[in-house]
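Please look over the sequence and the model shown below before reading on.

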Amino acid sequence: MANKRRGQIYLTILCIVTGMLIAWQYALTVSASAGAPKGRNAMLVSVIEGLEAETLVLQEKILDLRKQLDALHDAQLDDEEEITGLQEELQWLRSIAALTEVHGPGITVTLDDNVAGSNAARNLPDYNPNNFIIHDKNILYLVNEIRRAGAEAIAINNQRIVAVSDIRCVGPVIFVNSTRMAPPYIIQAIGDPERLEKLVSMGEEFTYLKYKDFPIRLVRETVISLPAYIGGYSLNSVQKAPEGGS
Amino acid sequence: MAINNKRSPLARWQVTFTIVLLFTGIMLSMQFRTQQDFRQTLAAQKTEDLVVIWKRLLDKRERLEQEVEGLRREKLLLEQKSTAGLDSLSQVTAGLERLRMSQGLIPVKGPGVTITLIGDAPLLYLDLVDLVNELWASGAEAMAINDHRLISASAFDDREGIDNIYITVNGERLYFPIVVKAIGDPPTLQTGLSFPGGIVDNFRTYGITLNIQQHTELIIPSAKNLSSWIHAQAGPAPPPPPPQLNQEVVSGETAKP
């Protein structure tokens with residue numbers, strides 16, 4: 001009897017313990033699945049969970065942007081190198097093409113119509129005023145001589161002379177680059193002043209004009225400034241041709 | 001029965017006890033695991049800890065957002081720069097190509113005229129200066145004489161040979177027949193030479209005949225020697241140094257009215 005009673009007591013205690021365990025377990029499971037043991041923490045937890053998700057998205061965005069930036073940087077560097085090289089050539093070509101102002105040592109040749117000679121000869125029977133004025137050819141030939149003497153830049157009355165420049169007269173008026181000129185004609189050239197002085201003053205045209213008593217003067221210059229060529233280079237008919245063709 | 005009665009309560013008790021113990025054991029182990037898992041969850045944290053976590057996350061989000069913002073701005077700038085770069089690259093290239101053509105750096109082709117001069121009349125180098133000048137005036141865009149490209153530095157001259165005088169362009173001898181190639185509008189170029197009182201008439205008085213032909217396509221080579229500058233420098237001249245004034249003399253003179 002005593003034995004049976006003791007067994008019942010043990011059993012009772014065990015049952016109580018088990019019951020308590022089950023109750024605790026239940027409480028825990030319920031609270032864990034609900035995710036919120038207490039109301040005010042529930043808010044916090046959901047806010048935190050939201051923040052965690054946001055930061056995760058932001059981190060992925062950053063990685064992605066960094067990758068894109070690297071690619072852009074690489075492309076940029078290539079472009080910049082290419083542009084720098086091309087711009088140097090462009091700069092050089094623009095100066096060669098007289099599209100920029102230019103300065104340097106050189107000479108100034110000033111020539112004018114022979115007004116004094118014309119006045120003196122006016123009453124002579126064979127007076128021809130054409131013999132006393134500067135013609136387009138005089139300037140054209142003088143320019144050829146200045147080019148031959150190695151001039152690097154030339155201007156007549158501030159009109160730059162380029163490859164395609166034309167020097168012509170219409171009636172008594174001389175046009176350079178289709179711009180009207182009036183005497184005195186001031187031809188300026190940049191180059192080695194000594195060489196320019198020697199070759200131009202010994203040249204046929206200069207000698208001829210001097211011989212004909214035209215007021216013509218040549219001075220060496222330590223530095224002169226010539227303006228840029230105003231006209232353009234029209235390329236309406238011209239196309240690039242393959243290299244080596246002739 | 002007696003044996004059964006005596007045995008059965010004992011057996012039943014043992015069975016029940018065993019079951020209960022087993023169940024309790026399972027419960028305990030489950031309990032332990034649940035407890036462990038739960039300790040990791042946010043919900044298990046103390047409120048003040050949660051607040052700290054929340055604040056840290058807010059900071060972190062702000063930093064990340066700033067980083068994203070910075071990167072986006074950098075990317076936008078780079079993209080603008082690179083499209084601007086591409087624009088300026090194509091502009092620079094187009095400008096270069098035009099200059100290379102006009103300055104004789106590359107061969108060019110196009111419609112135009114050829115003027116052929118045979119050595120049966122006394123041609124002077126100045127006649128070529130005139131002819132070339134007329135062609136430029138008539139709108140020639142590129143020119144070559146015996147395949148010497150004419151550039152801004154090109155000049156004509158003559159030299160004495162062994163038994164005759166010969167014409168040079170850019171210092172190089174020209175042999176007959178001399179062929180001038182000019183690219184431009186062919187009829188305009190031809191009219192520019194052959195109008196009454198023009199260069200054709202002028203040459204004829206010296207017995208020089210110009211054989212002018214129009215072409216739909218001419219090819220003109222690039223210049224052999226390009227201009228290079230030694231004395232000239234691009235840009236305006238630097239201002240001259242201020243004149244050296246003798247201050248004392250100047251002030252002394254102005255002081256004496």
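In chain A, 76% of the contacts between residues at least 6 apart in sequence join residues at least 24 apart. The model from which this value was computed is a predicted one.

**Overall form of chain A**

Chain A contains 6 helices and 9 strands. Its radius of gyration is 49 Å, whereas the globule rule gives 18 Å for 246 residues; chain A is therefore more spread out than a compact globule. Along the principal axes, the C-alpha atoms of chain A fill a box of roughly 175 × 40 × 40 Å. Of the 246 residues in this chain, 26% count as buried.

**Pairings of strand β1 of chain B**

Strand β1 of chain B covers residues 108-117 and pairs with a strand of chain A, namely β9 (residues 239-240). Within chain B, β1(B) is also joined to β8 (residues 211-220) and to β7 (residues 178-183). The table sets out these pairings.

| Strand paired with β1(B) | Residues | Sense | Bridges |
|---|---|---|---|
| β8 of chain B | residues 211-220 | antiparallel | 8 bridges |
| β7 of chain B | residues 178-183 | antiparallel | 6 bridges |

Individual residues can be located within each pairing. Val108(B) has Ile220(B), in β8(B), opposite it. Gly112(B) has Ile183(B) of β7(B) as its bridge partner. In general, strands of a sheet pair through backbone hydrogen bonds, in either a parallel or an antiparallel manner.

**The open sheet of chain B**

Chain B also holds an open sheet of 3 strands, arranged in the order β4-β5-β6 with antiparallel pairing. Which strands stand at the edges of this sheet, and why is one side of each left without a neighbour? The edge strands are β4 (156-160) and β6 (172-173) of chain B; each has a single partner strand, so one of its sides has no neighbour in the sheet.

Strand β5 (residues 165-169) of chain B and β6(B) are joined by 2 bridges in the antiparallel sense. Thr168(B) has Arg173(B), in β6(B), as its bridge partner. Helix α3 of chain B, residues 125-137, packs on this sheet and touches β4 and β5 of chain B. The direction of helix α3 makes about 165° with that of β4(B).

Conventions: Residues numbered from 1 in each chain as written. Chains lettered and ligands numbered in written order. Predicted model: local features only at pLDDT ≥ 70, side-chain atom pairs only at ≥ 80, totals over all residues. Helix = DSSP H or I, 4+ residues; strand = E, 2+ residues; numbered from the N terminus. Rg over C-alpha atoms; globule rule 2.2 N^0.38 Å. Buried ≥ 20, exposed ≤ 12 C-beta atoms within 10 Å, placed from the backbone. Contact = placed C-beta atoms within 7 Å. Pairing = 2+ DSSP bridges. Axes fitted to C-alpha atoms, helices over the stretch in contact; angles between N-to-C directions.
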